[in-house]
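Here are my notes on the ligand site. Please read them with the structure open.

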Amino acid sequence: MVNGKEISMERNIKGSEIQAKERLVFALDVPTAKAAEAMLDCVQETVGVIKIGLELFTSEGPAVVRMVQRYGKPVFLDLKVLDIAETVQRTVARVADMGVSFLTVHADRKALAAAVQGRAGNPALYILAVTVLTNVAQADLRECGFDGTVEHAVVARARLAAEAGCDGVIASGREPAAIRSAIDAPLLIVTPGVRPAGQGEDEHARATTPRQAIHAGADYLVVGRPIRDAPDPRAAAQAIVSEMQAAFDQQSLSP
Ligand code: C5P
(Lines give C-alpha, C1' and ligand atoms only; values in the text may rest on other atoms or scores of the structure.)
Protein backbone atom coordinates (compact mmCIF):
# COMPACT_ATOMS: atom_id res chain seq x y z
CA MET A 1 0.00 0.00 0.00
CA VAL A 2 1.55 3.29 -1.10
CA ASN A 3 -0.04 6.73 -0.61
CA GLY A 4 -3.23 4.97 0.39
CA LYS A 5 -3.19 3.09 -2.93
CA GLU A 6 -3.06 -0.65 -3.36
CA ILE A 7 -0.88 -0.44 -6.45
CA SER A 8 2.56 1.08 -6.28
CA MET A 9 3.15 4.06 -8.54
CA GLU A 10 6.46 5.11 -7.04
CA ARG A 11 8.80 5.99 -9.85
CA ASN A 12 11.74 4.98 -7.67
CA ILE A 13 10.63 1.37 -7.81
CA LYS A 14 12.64 0.39 -10.81
CA GLY A 15 14.18 -2.43 -12.69
CA SER A 16 14.50 -5.83 -11.10
CA GLU A 17 12.34 -4.81 -8.11
CA ILE A 18 9.41 -4.81 -10.53
CA GLN A 19 7.46 -8.00 -11.07
CA ALA A 20 6.70 -7.72 -14.78
CA LYS A 21 3.62 -9.90 -14.50
CA GLU A 22 1.96 -7.29 -12.27
CA ARG A 23 2.55 -4.71 -15.02
CA LEU A 24 0.86 -6.66 -17.79
CA VAL A 25 -2.74 -5.56 -18.34
CA PHE A 26 -4.69 -8.11 -20.32
CA ALA A 27 -7.46 -6.64 -22.48
CA LEU A 28 -10.33 -9.07 -21.94
CA ASP A 29 -12.00 -8.18 -25.23
CA VAL A 30 -14.60 -10.95 -25.52
CA PRO A 31 -18.38 -10.76 -25.98
CA THR A 32 -19.74 -12.66 -22.97
CA ALA A 33 -19.03 -13.44 -19.31
CA LYS A 34 -18.74 -17.11 -20.27
CA ALA A 35 -15.99 -16.38 -22.79
CA ALA A 36 -14.35 -14.07 -20.25
CA GLU A 37 -14.25 -16.83 -17.61
CA ALA A 38 -12.80 -19.32 -20.06
CA MET A 39 -10.07 -16.86 -21.01
CA LEU A 40 -9.34 -15.96 -17.38
CA ASP A 41 -9.08 -19.62 -16.39
CA CYS A 42 -6.42 -19.91 -19.06
CA VAL A 43 -4.30 -16.79 -18.42
CA GLN A 44 -4.89 -15.79 -14.79
CA GLU A 45 -1.51 -17.12 -13.63
CA THR A 46 0.41 -15.10 -16.20
CA VAL A 47 -1.16 -11.61 -16.21
CA GLY A 48 -1.44 -8.95 -13.50
CA VAL A 49 -4.40 -6.68 -14.27
CA ILE A 50 -7.60 -7.39 -16.21
CA LYS A 51 -8.99 -4.73 -18.51
CA ILE A 52 -12.72 -4.76 -19.16
CA GLY A 53 -13.54 -2.67 -22.21
CA LEU A 54 -16.60 -1.34 -23.94
CA GLU A 55 -17.59 -4.63 -25.57
CA LEU A 56 -17.70 -6.80 -22.44
CA PHE A 57 -19.07 -4.08 -20.17
CA THR A 58 -21.84 -3.32 -22.66
CA SER A 59 -22.89 -6.94 -22.86
CA GLU A 60 -22.54 -7.95 -19.21
CA GLY A 61 -22.56 -4.75 -17.10
CA PRO A 62 -21.20 -4.40 -13.56
CA ALA A 63 -21.70 -8.13 -12.84
CA VAL A 64 -18.68 -8.89 -15.01
CA VAL A 65 -16.54 -6.57 -12.87
CA ARG A 66 -17.51 -8.60 -9.81
CA MET A 67 -16.78 -11.83 -11.68
CA VAL A 68 -13.27 -10.68 -12.58
CA GLN A 69 -12.69 -9.45 -9.02
CA ARG A 70 -13.34 -12.98 -7.79
CA TYR A 71 -10.12 -13.96 -9.58
CA GLY A 72 -8.31 -11.62 -7.19
CA LYS A 73 -7.05 -9.36 -9.97
CA PRO A 74 -7.20 -5.56 -10.09
CA VAL A 75 -9.83 -4.45 -12.61
CA PHE A 76 -9.08 -1.80 -15.22
CA LEU A 77 -12.38 -0.44 -16.51
CA ASP A 78 -11.69 1.04 -19.93
CA LEU A 79 -14.78 3.18 -20.51
CA LYS A 80 -12.88 6.13 -22.03
CA VAL A 81 -15.31 8.50 -20.35
CA LEU A 82 -16.02 11.90 -21.89
CA ASP A 83 -19.04 14.06 -21.08
CA ILE A 84 -20.00 17.24 -19.24
CA ALA A 85 -18.47 17.58 -15.78
CA GLU A 86 -21.61 16.69 -13.80
CA THR A 87 -22.06 13.43 -15.72
CA VAL A 88 -18.40 12.49 -15.50
CA GLN A 89 -18.22 13.15 -11.77
CA ARG A 90 -21.32 11.08 -11.01
CA THR A 91 -20.23 8.24 -13.30
CA VAL A 92 -16.78 8.08 -11.76
CA ALA A 93 -18.30 7.98 -8.28
CA ARG A 94 -20.32 4.89 -9.32
CA VAL A 95 -17.17 3.26 -10.76
CA ALA A 96 -15.30 4.00 -7.52
CA ASP A 97 -18.08 2.26 -5.57
CA MET A 98 -17.40 -0.89 -7.63
CA GLY A 99 -13.87 -1.30 -6.26
CA VAL A 100 -12.26 -0.86 -9.66
CA SER A 101 -8.53 -0.02 -9.70
CA PHE A 102 -8.12 1.90 -13.00
CA LEU A 103 -10.54 3.97 -15.08
CA THR A 104 -9.85 5.73 -18.38
CA VAL A 105 -11.15 9.24 -19.08
CA HIS A 106 -10.45 11.26 -22.23
CA ALA A 107 -7.95 14.06 -21.67
CA ASP A 108 -10.28 17.03 -21.67
CA ARG A 109 -9.48 19.47 -18.84
CA LYS A 110 -13.04 19.69 -17.48
CA ALA A 111 -13.68 15.96 -17.75
CA LEU A 112 -10.41 15.09 -15.97
CA ALA A 113 -11.08 17.54 -13.14
CA ALA A 114 -14.59 16.10 -12.73
CA ALA A 115 -13.22 12.55 -12.72
CA VAL A 116 -10.74 13.40 -9.96
CA GLN A 117 -13.61 14.93 -7.95
CA GLY A 118 -15.76 11.89 -8.60
CA ARG A 119 -13.25 9.52 -7.06
CA ALA A 120 -12.67 11.76 -4.00
CA GLY A 121 -12.61 9.54 -0.94
CA ASN A 122 -11.67 6.53 -3.09
CA PRO A 123 -7.91 7.00 -3.69
CA ALA A 124 -7.62 3.32 -4.64
CA LEU A 125 -9.18 4.18 -8.00
CA TYR A 126 -6.54 5.44 -10.44
CA ILE A 127 -7.71 7.89 -13.07
CA LEU A 128 -5.84 7.44 -16.36
CA ALA A 129 -6.13 10.11 -19.04
CA VAL A 130 -6.36 8.94 -22.64
CA THR A 131 -3.96 11.20 -24.57
CA VAL A 132 -4.01 10.24 -28.28
CA LEU A 133 -5.22 6.75 -29.23
CA THR A 134 -2.47 4.54 -30.65
CA ASN A 135 -4.37 4.10 -33.92
CA VAL A 136 -4.08 7.84 -34.58
CA ALA A 137 -1.40 9.02 -37.01
CA GLN A 138 -0.26 12.49 -38.00
CA ALA A 139 -2.66 12.61 -40.94
CA ASP A 140 -5.63 11.89 -38.66
CA LEU A 141 -4.79 14.88 -36.47
CA ARG A 142 -4.37 17.11 -39.51
CA GLU A 143 -7.81 16.04 -40.74
CA CYS A 144 -9.25 17.34 -37.44
CA GLY A 145 -7.57 20.71 -37.96
CA PHE A 146 -4.68 20.07 -35.59
CA ASP A 147 -1.33 21.08 -37.12
CA GLY A 148 1.01 19.96 -34.36
CA THR A 149 2.71 16.57 -34.10
CA VAL A 150 1.16 13.56 -32.39
CA GLU A 151 3.86 13.82 -29.72
CA HIS A 152 2.98 17.45 -29.11
CA ALA A 153 -0.68 16.54 -28.60
CA VAL A 154 0.24 13.64 -26.29
CA VAL A 155 2.44 15.84 -24.11
CA ALA A 156 -0.14 18.65 -23.98
CA ARG A 157 -2.82 16.20 -22.86
CA ALA A 158 -0.49 14.54 -20.35
CA ARG A 159 0.09 18.01 -18.90
CA LEU A 160 -3.68 18.43 -18.51
CA ALA A 161 -3.75 15.07 -16.73
CA ALA A 162 -1.01 16.10 -14.31
CA GLU A 163 -2.64 19.48 -13.63
CA ALA A 164 -6.00 17.84 -12.94
CA GLY A 165 -4.42 15.44 -10.42
CA CYS A 166 -4.76 12.26 -12.47
CA ASP A 167 -2.61 9.26 -11.64
CA GLY A 168 -1.44 8.49 -15.14
CA VAL A 169 -1.90 8.59 -18.87
CA ILE A 170 -2.47 6.21 -21.74
CA ALA A 171 0.15 6.79 -24.41
CA SER A 172 1.95 4.77 -27.03
CA GLY A 173 5.41 3.36 -26.35
CA ARG A 174 6.91 6.10 -28.52
CA GLU A 175 6.00 8.93 -26.15
CA PRO A 176 7.18 8.19 -22.56
CA ALA A 177 10.49 10.07 -22.91
CA ALA A 178 8.77 13.23 -24.15
CA ILE A 179 6.16 13.00 -21.37
CA ARG A 180 8.75 12.46 -18.64
CA SER A 181 10.98 15.28 -19.81
CA ALA A 182 8.08 17.77 -20.04
CA ILE A 183 6.20 16.85 -16.87
CA ASP A 184 7.59 16.52 -13.34
CA ALA A 185 4.53 14.87 -11.76
CA PRO A 186 5.02 11.11 -11.27
CA LEU A 187 2.44 10.06 -13.86
CA LEU A 188 2.04 6.37 -14.55
CA ILE A 189 2.42 5.67 -18.26
CA VAL A 190 0.19 2.86 -19.48
CA THR A 191 0.92 1.72 -23.02
CA PRO A 192 -1.39 -0.14 -25.41
CA GLY A 193 -0.62 -0.86 -29.06
CA VAL A 194 1.96 -3.43 -27.98
CA ARG A 195 3.01 -6.12 -30.42
CA PRO A 196 5.77 -8.72 -29.98
CA ALA A 197 8.39 -8.41 -32.72
CA GLY A 198 7.32 -9.99 -35.98
CA GLN A 199 3.58 -9.81 -35.28
CA GLY A 200 1.25 -7.62 -37.30
CA GLU A 201 0.37 -4.23 -35.85
CA ASP A 202 -3.37 -4.41 -36.61
CA GLU A 203 -4.74 -0.85 -36.66
CA HIS A 204 -2.10 0.63 -34.34
CA ALA A 205 -0.25 3.47 -36.08
CA ARG A 206 2.23 3.82 -33.19
CA ALA A 207 2.85 0.21 -32.15
CA THR A 208 5.90 -0.82 -30.11
CA THR A 209 7.27 -4.13 -28.89
CA PRO A 210 7.11 -4.91 -25.15
CA ARG A 211 10.87 -4.31 -24.91
CA GLN A 212 10.72 -0.96 -26.71
CA ALA A 213 7.85 0.26 -24.55
CA ILE A 214 9.51 -0.64 -21.23
CA HIS A 215 12.86 0.78 -22.34
CA ALA A 216 11.08 3.98 -23.34
CA GLY A 217 9.68 4.31 -19.80
CA ALA A 218 6.21 2.71 -19.83
CA ASP A 219 5.05 1.41 -16.44
CA TYR A 220 2.24 -0.88 -17.60
CA LEU A 221 1.57 -2.54 -20.95
CA VAL A 222 -1.91 -3.31 -22.27
CA VAL A 223 -2.10 -6.34 -24.55
CA GLY A 224 -5.19 -7.93 -26.03
CA ARG A 225 -5.20 -9.81 -29.33
CA PRO A 226 -1.61 -11.10 -29.20
CA ILE A 227 -2.72 -13.07 -26.11
CA ARG A 228 -6.42 -13.64 -26.78
CA ASP A 229 -5.95 -14.92 -30.32
CA ALA A 230 -2.76 -16.93 -29.73
CA PRO A 231 -2.97 -20.71 -30.14
CA ASP A 232 -1.73 -20.92 -26.52
CA PRO A 233 -2.78 -17.66 -24.75
CA ARG A 234 -0.98 -18.57 -21.53
CA ALA A 235 2.32 -19.16 -23.34
CA ALA A 236 1.87 -15.93 -25.32
CA ALA A 237 1.31 -13.97 -22.10
CA GLN A 238 4.30 -15.64 -20.47
CA ALA A 239 6.55 -14.74 -23.40
CA ILE A 240 5.47 -11.09 -23.13
CA VAL A 241 6.08 -11.09 -19.36
CA SER A 242 9.57 -12.54 -19.89
CA GLU A 243 10.39 -9.85 -22.46
CA MET A 244 9.09 -7.16 -20.08
CA GLN A 245 11.06 -8.56 -17.14
CA ALA A 246 14.29 -8.60 -19.17
CA ALA A 247 13.70 -4.94 -20.08
CA PHE A 248 12.92 -3.96 -16.45
CA ASP A 249 16.01 -5.86 -15.26
CA GLN A 250 18.15 -3.97 -17.75
CA GLN A 251 16.92 -0.68 -16.26
CA SER A 252 18.53 -1.61 -12.95
CA LEU A 253 21.88 -2.13 -14.73
CA SER A 254 21.76 1.35 -16.27
CA PRO A 255 23.01 4.22 -14.04
O1 C5P B 1 -5.83 -6.25 -29.12
P2 C5P B 1 -5.00 -5.07 -28.77
O3 C5P B 1 -3.71 -5.42 -28.05
O4 C5P B 1 -4.78 -4.11 -29.89
O5 C5P B 1 -5.90 -4.36 -27.68
C6 C5P B 1 -5.68 -3.11 -27.23
C7 C5P B 1 -6.67 -2.81 -26.16
O8 C5P B 1 -6.32 -1.55 -25.62
C9 C5P B 1 -8.10 -2.67 -26.64
O10 C5P B 1 -8.94 -3.13 -25.59
C11 C5P B 1 -8.31 -1.20 -26.86
O12 C5P B 1 -9.62 -0.77 -26.58
C13 C5P B 1 -7.33 -0.59 -25.88
N14 C5P B 1 -6.64 0.56 -26.38
C15 C5P B 1 -6.62 1.68 -25.65
N16 C5P B 1 -5.97 2.79 -26.07
C17 C5P B 1 -5.32 2.78 -27.22
C18 C5P B 1 -5.30 1.63 -27.98
C19 C5P B 1 -5.99 0.52 -27.53
O20 C5P B 1 -7.18 1.71 -24.56
N21 C5P B 1 -4.64 3.85 -27.57
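Which residues lie nearest the centre of the largest pocket, and how many residues line that pocket? The points below start there.

1. This is a predicted model. Its largest pocket is lined by 28 residues. Nearest the centre lie Asp29, Lys51, Asp78, Lys80 and His204. The volume of this pocket is about 630 Å³.

2. The ligand sits in this largest pocket. Around the ligand there are 15 residues. Asp29, Lys51, Arg195, His204 and Arg225 are the closest of them.

3. An N or O atom in the Asp29 side chain is 2.6 Å from an oxygen atom of the ligand. For Lys51, a polar side-chain atom lies 2.7 Å from a ligand oxygen. For Lys80, the corresponding distance to an oxygen atom of the ligand is 2.9 Å. On its own, the ligand has 470 Å² of accessible area, and the protein covers 86% of that.

4. Now the secondary structure. Strand E3 (75–81), strand E8 (220–223) and helix H10 (225–228) each give at least two residues to the shell around the ligand. The lining of the largest pocket also draws at least two residues from each of E3, E8 and H10, and from helix H2 (54–60). E3 supplies the largest share of that lining, with 3 residues.

5. Last, composition. The shell around the ligand holds 6 nonpolar, 3 polar and 6 charged residues. For the lining of the largest pocket, the division is 12 nonpolar, 7 polar and 9 charged.

Technical notes: Residues are numbered from 1 along each chain as its sequence is written. This is a predicted model: local features need pLDDT of at least 70, side-chain atom pairs count only at pLDDT 80 or more; totals for chains, interfaces and linings use all residues. Side-chain values use heavy atoms; hydrogens and water are left out. A residue is near a molecule or strand if one of its heavy atoms lies within 4 Å of it. A polar contact is a pair of N or O atoms within 3.5 Å; within protein, one must be able to donate a hydrogen and the other to accept it, and residues adjacent in sequence count only if both atoms are side-chain atoms. Accessible areas come from the Shrake-Rupley method with a 1.4 Å probe; for residues, only the protein chains shown count as cover. On a 1 Å grid over the protein atoms alone, a cavity is a set of points where a 1.4 Å probe fits but cannot get out, and a pocket is an open set with protein on both sides within 12 Å along at least five of seven lines; lining residues have an atom within 4 Å of a point. A molecule sits in a cavity or pocket if more than half of its atoms lie within 2 Å of its grid points. Helices (H or I, at least four residues) and strands (E, at least two) are DSSP runs, numbered from the N terminus. Ala, Val, Leu, Ile, Met, Phe, Trp, Tyr, Cys and Pro count as nonpolar, Asp, Glu, Lys and Arg as charged, and the others, Gly among them, as polar. Grid points are joined across faces, edges and corners, and a volume is the space filled by probe spheres set on the points.
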